[in-house]
Amino acid sequence: MRFRFASIAAMFGLLCASSVFAQATPDKRRSGFDTMSARIQSMQSDDLQNPGMLWVADGEVLWKKIFGISFSCAHCHNDAKQSMKGVAAKYPDWDPIENRPVDLSQRINLCRTRHQLVLPLPPESVELLGLEAYVAYQSRGMPLAPSSAKELIEPRERGRRQYEQRIGQLNLSCGQCHDERDDRTGDLGAAAVRPRRVGGAQGHALDPLLGSDDEVRALVEVGDAHG
Amino acid sequence: MARTLIHAPTTARKGEVMEIRTLIAHPMETGYRAGSDGRTLPRDIIRRFACRYNGELVFSADLYPAISANPYIAFNVVANASGSFSFTWEGDNGFAQTENATITVA
């Protein structure tokens with residue numbers, strides 16, 4: 001009975017913890033876009049001045065293109081505007097078959113080799129960048145929603161160590177610019193709004209835009225609670 | 001076929017000044033850079049851009065090697081009649097591309 005009470009109390013505690021986390025709105029994170037001047041914001045909002053939109057247009061064509069004797073992305077995923085909405089926001093994610101974290105372009109290539117049965121596209125090729133840009137475009141303006149896969153805890157920790165590791169001729173770590181000088185944004189909880197602890201040389205977000213280790217743990221715990 | 005992005009208004013009042021903006025995908029290889037094998041990469045640039053409004057040349061530009069890849073060109077045109085725009089890019093290695101846009105002037 002005593003044991004049972006303890007487990008109920010533990011469950012209650014967990015529920016409280018997750019509901020507290022769920023109520024942690026409004027989101028303290030901000031996009032770097034918000035810190036730009038109005039002039040730069042308007043420039044960035046103008047798709048026509050952005051050559052990246054050429055790749056998005058490419059990707060839209062490739063989405064419907066039938067590769068070899070196989071089928072197109074649209075055959076399984078239908079309209080990317082619906083099916084890919086928010087998808088890019090959770091990458092890199094864990095791939096249980098490859099047993100490693102994969103980023104969005106690797107996921108696209110895995111889809112090619114597993115389902116379309118065609119060769120993977122070369123890294124950073126025009127086609128792959130186009131598809132990636134098109135898929136990521138469907139998540140435009142959405143906040144990052146990092147995967148809660150438990151397997152990502154270890155790679156994230158590895159990423160954090162690399163991020164904090166001083167390297168190179170100038171003996172600087174990533175964090176020395178991206179974390180330690182983040183007081184420029186004033187008292188808005190700057191550490192929480194700037195990208196902390198992003199991944200290794202591969203680029204963005206092996207780790208989310210999280211404010212503190214507590215929040216990282218909280219996220220992991222919530223992920224655990226939800227199974 | 002190179003990819004282009006064109007922003008041109010579809011309707012305008014007579015006498016209105018319209019901004020037209022164009023972007024085309026092109027490497028604009030200068031002819032001065034060395035490739036990975038050390039040999040100079042041959043020049044490959046767009047040499048001329050022209051915009052015709054109902055057949056009449058209203059804007060043109062000569063482009064040179066110092067202009068960046070994917071050249072973005074914006075210019076103003078006075079709306080005086082309904083009709084069509086044609087945008088032409090011409091360059092090295094027989095590069096030629098034409099795109100069209102229509103406009104209704106009230």
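Helices here are DSSP runs of H or I with at least four residues, and strands are runs of E with at least two, numbered from the N terminus. The model is predicted.

Start with chain A and colour it by secondary structure. Chain A holds 11 helices and two strands, and along the sequence they follow the pattern α-α-α-α-α-β-β-α-α-α-α-α-α. Buried residues make up 20% of the 227 in chain A. Of the contacts in chain A with a separation of 6 or more, 59% are between residues 24 or more positions apart.

Next, select A:Val56, A:Leu104, A:Leu131, A:Ala133, A:Tyr134, A:Val135 and B:Ile46. Within the largest nonpolar core, which has 24 residues, these touch the most other members. Now show the elements around them: helix H3 (52-64), helix H6 (104-116) and helix H7 (126-137) of chain A, with strand S3 (17-24) and strand S4 (46-53) of chain B, each supply at least two residues of this core. H7(A) gives the most, six residues.

Centre on B:Ile46. Beyond its neighbours within four places in sequence, B:Ile46 is in contact with B:His26, B:Met28, B:Leu63, B:Pro71, B:Trp89, B:Glu90, B:Gly91 and B:Phe95. Then select B:Ile20, B:Ala79, B:Phe85 and B:Ile103, which are among the seven residues of a second, separate core.

Finish where the chains meet. Eight residues of chain B are in contact with seven of chain A. On the chain B side, strand S1 (4-7) and S3 are the elements that give two or more residues. That side comprises four nonpolar, two polar and two charged residues.

Conventions. Residues numbered from 1 in each chain as written. Chains lettered and ligands numbered in written order. Predicted model: local features only at pLDDT ≥ 70, side-chain atom pairs only at ≥ 80, totals over all residues. Core = buried A, V, L, I, M, F, W, Y, C linked by C-beta atoms within 7 Å. Buried ≥ 20, exposed ≤ 12 C-beta atoms within 10 Å, placed from the backbone. Contact = placed C-beta atoms within 7 Å. Nonpolar A, V, L, I, M, F, W, Y, C, P; charged D, E, K, R; others polar.
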